[in-house]
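Here's a quick tour for anyone meeting this structure for the first time. Have a look at it, then read on.

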Amino acid sequence: MTAVQEPTLIPPLGEPRPHPTPVAAETTLPNGLRVVVVPRPGVPLVELRLRVPFAASNARNAGVHAARGAVLSGAVLLGTQRHDQTDIAQLLQGHGAELSVSTDADRLVFGTTLLPGGLGPVLELLAELLTGASYPAGQVDGERDRLAERIAIARSQPGMIARSALAARRFGAHPYAIGLPDADLVSAVRAPALRRLHRERVVPAGSILVLVGDLDPRAAADTVAAALEGWTATGKAVETPPVGEQRVPGIELVDRPGAVQSNLRLGGLAPSRTDPELPALRLAAMIFGGYFSSRLVENIRERRGYSYSPRSAVEHQRAASSFLVEADVATEVTGPALLETLYELGRMSLTPVTEAELDAARRYILGSMALSTSTHAGLASTLSALLGVGLPADWLTTHQRDLTEVTVEQVQAAAARYLAPEALTAVVVGDAGRVAAELGTLAPVTVSGGGDPA
Amino acid sequence: MTAAAPELTLRHPIERFTLDNGLRVVLAPDRSVPVVAVSVYYDVGMRNEPEGRTGFAHLFEHLMFQGSANVAKMEHARLVQAAGGTFNGSTHQDYTNYFEALPSEALERALFLEADRMAAPAITEENLRNQIDVVKEEIRVNVLNRPYGAFPWLQLPQVAFETFANTHDGYGSFVDLESSTVDDATDFFSRYYAPGNAVLCIGGDLDVAETEKLVRRWFGPVPARHVPPLPHTGEPSPTTVRTAVVEDALAPAPALAIGWRVPDPVGDFDSYLGTVLLAELLSEGDASRLERRLIHDDRIAIAQSSYVGLFGDPFDVRDATLLTTQVHHPAAVPADRVMAAVHEEIGRIAQDGVDPAELSRVQARIEAQLLQQADSVLGRTLAFAAAELVHGRAELAGELAARLAAVSPEAVRTAARGLDPGTAAVLELRPAGGAR
């Protein structure tokens with residue numbers, strides 16, 4: 001590719017104006033809870049995120065833990081000694097809030113938006129849930145059965161089948177191999193197990209509360225302290241064990257008879273958020289397939305029309321970061337689409353990118369980071385994720401500076417290490433009868449039967 | 001209870017002017033973050049497509065990203081993204097929009113790009129064939145290769161409405177897409193993409209006088225063309241129940257969608273607001289009527305939602321439109337039982353009305369949601385643009401929370417009375433085939 005030729009008609013960019021840097025005020029309560037408050041101009045709202053470490057204690061119980069965690073995240077809202085489920089929902093709603101609770105292999109997160117006047121009452125209700133969620137048996141059963149049905153529906157989505165298959169192939173016995181909780185394990189969850197799990201694991205030590213928006217940091221910190229000082233559960237935060245990923249050669253083909261598309265997925269390790277090679281790898285991933293201006297999109301979408309939204313991304317979990325490639329392609333072009341994808345990965349690894357490609361990707365990453373943290377909600381979620389993996393609140397600033405210093409040579413070195421086809425594990429979900437032979441010309445194929453007929 | 005503050009988003013003052021070529025321009029400055037959003041709304045959507053050309057509005061949206069007189073293929077994306085910005089476009093029932101969110105120093109570049117394709121997009125045989133393939137992949141991802149694909153937005157209108165405008169497949173049949181020609185695209189552009197048929201809305205970090213100058217510089221030279229009259233898409237209200245069943249070979253569990261005609265979203269706005277609040281009261285959160293009844297009390301559903309407007313935005317549609325209640329339920333529960341419970345809950349509101357305390361909680365929640373949308377420069381710019389195009393007043397987007405806060409319990413009760421079981425359109429989705 002040659003450097004971008006800009007006809008003179010195209011207006012040049014003006015002088016950038018710096019983004020206001022949010023200032024985080026941090027305190028730690030006597031019970032161990034870290035509290036981070038960020039006042040920010042904007043709409044009169046507050047965004048709340050409470051992150052609780054929630055990893056499985058070992059690989060052997062990871063399946064059961066994932067199932068219980070999934071049920072707990074719905075059932076924690078079912079009631080306390082003082083309020084039933086409807087009372088809780090109404091109390092929140094009156095302040096513009098609706099608590100969402102979610103778990104993954106690393107953490108449990110409580111999150112909501114709320115009108116500023118509701119900060120005290122919403123925090124008091126949160127404290128009541130943290131210290132007194134009662135998990136009423138009959139309602140837990142209903143919540144659990146509904147979750148099992150929702151998992152069955154999620155498992156019928158080809159994107160979910162592909163994601164789960166890739167995670168299982170890459171992570172083997174590690175908890176990260178579990179894409180969705182097992183429906184049978186979910187069906188076995190009972191209320192007493194949830195009460196025990198809550199008691200042992202929903203603890204302030206290691207947890208982080210982030211508040212962003214229309215608030216006064218000192219008053220907000222006092223309100224938090226008053227509301228949450230009674231959360232005194234003792235227990236040990238459990239963090240995810242290290243990952244020893246094995247790259248599995250060849251292609252796993254998950255058979256989905258009759259499928260009109262094939263879901264191509266490639267994945268491998270990437271540098272963690274603290275690894276000095278991360279900025280270079282992020283830029284390599286962006287140039288390869290991270291945005292519309294990338295090589296993969298130009299090739300298999302805009303030149304060949306094989307795919308609607310081919311993409312690549314770097315994803316961070318606490319104990320592993322991943323480089324991922326995804327493309328959903330028409331069944332009849334499955335082989336050619338994988339060939340072009342591998343070609344573009346090989347080209348990234350073996351030949352240098354242009355300065356223009358590097359500059360464009362760099363400006364895009366910096367611009368989109370600024371955009372995504374320019375709302376209360378975006379900043380709150382980003383801060384919660386960063387602090388949750390042990391990074392300081394100013395990591396974004398450091399990372400932005402690091403990105404500006406990356407060279408073409410560093411991008412190629414990172415690509416050679418992390419984007420090389422030989423570094424990646426491959427999964428395809430599709431109609432094996434129609435695509436197995438052509439995929440077999442690119443790499444050995446193992447057919448598995450995980451997918452439902454399409 | 002928190003009362004909605006009328007100043008809400010009105011502290012973003014609105015400036016507007018119209019160019020000689022008919023382009024309506026709305027500026028909504030707010031300099032708190034150095035981000036600017038540029039959007040162009042063309043007054044043509046899925047409902048304007050001619051027979052035999054289903055999916056054309058959406059296909060044409062794709063063509064608008066293929067370059068233009070002074071912009072090569074792929075360059076539109078590069079020029080926005082290499083400036084640190086993001087972009088997209090989307091096709092709706094009544095409009096098609098294009099937008100960018102960028103660091104404010106890239107404002108003029110975005111105006112150049114939008115003006116260049118408003119004047120002369122690169123409609124070529126090669127680009128058309130390529131984008132027909134891409135759109136077919138989009139339809140495979142979102143409809144054909146997944147369970148519940150496009151349920152119920154592609155199938156329910158066929159049950160609920162009568163006219164081609166309202167009933168046809170807005171994604172398009174593969175037959176219609178493949179037979180599209182460059183001449184079709186050129187005609188479509190010339191008919192619907194006139195500057196006088198568009199609204200340009202710019203929000204965020206901008207200087208009003210300077211921006212007006214830039215807008216005149218880049219959009220002023222686009223020649224004026226005839227503006228097509230607004231098509232009438234309203235229909236007489238239905239008087240009977242209409243039902244249909246779709247079989248989904250990929251779905252593991254059944255689903256149900258019930259649609260009722262609602263007041264004219266533009267012509268009868270006050271009544272319509274009652275319907276919007278009713279949808280929230282029925283389905284938003286654990287405190288809502290249908291979540292409590294279907295999920296928690298009777299345990300006959302897996303998930304439920306109710307919304308106004310085909311894609312869930314009540315304020316970007318014209319007549320005719322629906323309030324849709326969508327329920328996923330276990331195979332062991334008959335659809336009739338779910339439907340009876342839904343009708344009973346709505347009947348209860350029609351009969352007994354709504355407690356003011358319950359309504360004010362719903363109003364507080366909707367206020368927070370509107371504020372959250374307005375916190376993003378792009379989110380509020382798009383809301384201003386849609387309000388200008390559909391309602392003729394961008395300011396309306398900033399007043400919505402206050403208008404909704406003023407809706408009385410009686411208005412919500414009246415809205416519930418409009419959801420007559422005898423005039424509902426009902427679509428049942430049944431699992432078929434080998435799915436477990």
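## The annotated stretch of chain A

Over residues 192-363 of chain A, the chain is 41% helix and 22% strand, and the end C-alpha atoms sit 52 Å apart. Helices (H or I, at least four residues) and strands (E, at least two) are DSSP runs, numbered from the N terminus. UniProt lists these residues, 192-363 of chain A, as "domain: Peptidase M16 C-terminal" in an unreviewed entry; its positions are given in the numbering used here, feature names are shortened, and annotations may be inferred rather than shown by experiment.

This is a predicted model: local features need pLDDT of at least 70, side-chain atom pairs count only at pLDDT 80 or more, and totals for chains, interfaces and linings use all residues. Residues are numbered from 1 along each chain as its sequence is written, while chains are lettered from A and ligands numbered from 1 in the order in which they are written.

## Where the chains meet

70 residues of chain A are in contact with 66 residues of chain B (contact means C-beta atoms, placed from the backbone, within 7 Å). On chain A's side, helix 12 of chain A gives the largest share, nine residues. Other elements giving two or more include helix 4 (137-155) and strand 10 (321-330) of chain A.

## Inside chain B

Chain B is assigned domain 1 (15-219) and domain 2 (242-431), with bounds from an automatic or database domain assignment. Their C-alpha centres lie 27 Å apart. 34 residues of domain 1 of chain B are in contact with 35 of domain 2 of chain B, and strand 3 of chain B brings the largest share of the domain 1 side, five residues.

Methods
Two residues are in contact if their C-beta atoms, placed from the backbone, lie within 7 Å.
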